[in-house]
Amino acid sequence: MKLGITGLAGSGKTTVFEALTGDFSEAGNKMENRLGTIRVPDARIDRLSEIFNPRKTIYAQVEYFLPGKSGRAKDSGKEDASWTAVRDADALIHVIRNFNMFGLEEPNPATDFSTLDQDLILMDLAQAEKRIERMDAEA
Ligand SMILES: Nc1nc2c(ncn2[C@@H]2O[C@H](COP(=O)(O)OP(=O)(O)OP(=O)(O)O)[C@@H](O)[C@H]2O)c(=O)[nH]1
Ligand SMILES: [Mg+2]
């Protein structure tokens, strides 16, 4: 399963990515895409593995994808939404800021949530419209 991390600028995306993956290797590099794969610990698999003693034990994996700056909308809907990089994710993690940060406005989680949500909805709409145009052309 691949999960794409989204959120407005400064919301805490990198922090969440690093907490989830334990990967602190590229701290400070905002341009590059980052992908972290973790194995999901599962006591049931451990038990089954004990019983059947297979040659290999493979846990479920979760991939966390954090798009670099170029692959995401910059801020609060003022610029074109461009979360194209997370388009193939199975689900999105939406990181919302609820802490004070020098240089940013007071936290406003509800507004931030709907700002990004609307960007994503517009992106979906644009995608659907393109698709319809293509279908029309083919018909
Ligand atoms: N107080 C507080 N600070 C946080 C929290 N999460 C992140 N920060 C801090 O907020 C700042 C921004 O966090 P980042 O994880 O870099 O945010 P980001 O969304 O990756 O930012 P951009 O990549 O610039 O869009 C950093 O200084 C973090 O240490 C939190 O839950 N509480
Ligand atoms: Mg970041």
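**Reading the model**

Tutor: Let's begin with helix 2, which is hardly covered: among its 10 residues, the count of buried ones is zero. A residue is buried if 20 or more other C-beta atoms lie within 10 Å of its own, exposed if 12 or fewer, and partly exposed in between, with C-beta atoms placed from the backbone. Helices (H or I, at least four residues) and strands (E, at least two) are DSSP runs, numbered from the N terminus. Keep in mind that this is a predicted model, where local features need pLDDT of at least 70, side-chain atom pairs count only at pLDDT 80 or more, and totals for chains, interfaces and linings use all residues. Residues are numbered from 1 along each chain as its sequence is written, while chains are lettered from A and ligands numbered from 1 in the order in which they are written.

Student: What follows helix 2?

Tutor: Asn53 does, and its phi is positive, near 45°. That is a positive value in a residue other than glycine. Asn53 lies in the loop between helix 2 (43–52) and strand 3.

Student: Is Asn53 buried or exposed?

Tutor: Asn53 counts as exposed because it has 8 C-beta neighbours inside 10 Å.

Student: In what order do the elements of the protein chain run?

Tutor: From the N terminus on, you get β-α-β-α-β-β-α. That makes three helices and four strands. Of the 139 residues in the protein chain, 15% are buried.

Student: How do I read the pairing of strand 1 with strand 3?

Tutor: Two strands pair if DSSP finds at least two bridges between them. Here strand 1 and strand 3 (residues 61–66) run parallel and are joined by three bridges. In strand 3, Phe65 is the bridge partner of Gly4.

Student: And how many bridges join strand 1 to strand 4?

Tutor: Five, and these two strands also run parallel. Thr6 stands opposite His94 in strand 4.

Student: Where is Thr6, and what is it in contact with?

Tutor: Thr6 has its place in strand 1. Two residues are in contact if their C-beta atoms, placed from the backbone, lie within 7 Å. Leaving aside neighbours within four places in sequence, Thr6 is in contact with Trp83, Val86, Leu92, Ile93, His94 and Leu116. Thr6 is buried because 25 other C-beta atoms lie within 10 Å. Thr6 and Leu120 are 114 residues apart in sequence, yet 9.9 Å apart in space, C-alpha to C-alpha.

Student: Which residues form the largest nonpolar core?

Tutor: The general idea is that in soluble globular proteins, nonpolar side chains tend to be buried together. A nonpolar core is a set of buried Ala, Val, Leu, Ile, Met, Phe, Trp, Tyr and Cys residues joined through C-beta atoms within 7 Å. In this model, the largest has seven residues: Ile5, Phe17, Tyr64, Phe65, Leu66, Val86 and Val95. Strand 3 supplies the largest share of this core, three residues.

Student: How should I read the span of helix 3?

Tutor: The expected span of a helix is 1.5 Å times one less than its number of residues. Helix 3 (residues 109–138) has 30 residues and reaches 43 Å from first C-alpha to last, close to the 44 Å expected. Helix 3 is hardly covered, with three buried residues among its 30.

Student: Which residues of helix 3 are buried?

Tutor: Asp112, Leu116 and Asp119. The buried residues of helix 3 pack against strand 1 (2–7) and strand 4 (91–95).

Student: What surrounds ligand 1?

Tutor: A residue is near a molecule if its C-beta atom, placed from the backbone, lies within 6 Å of it. Around ligand 1 you find Gly7, Ala9, Gly10, Ser11, Gly12, Lys13, Thr14, Thr15, Lys30, Phe99 and Met101. Helix 1 (residues 13–21) gives the most to this shell, with three residues.

Student: How do the residues of the shell divide?

Tutor: Ala, Val, Leu, Ile, Met, Phe, Trp, Tyr, Cys and Pro count as nonpolar, Asp, Glu, Lys and Arg as charged, and the others, Gly among them, as polar. The shell around ligand 1 divides into three nonpolar, six polar and two charged residues.
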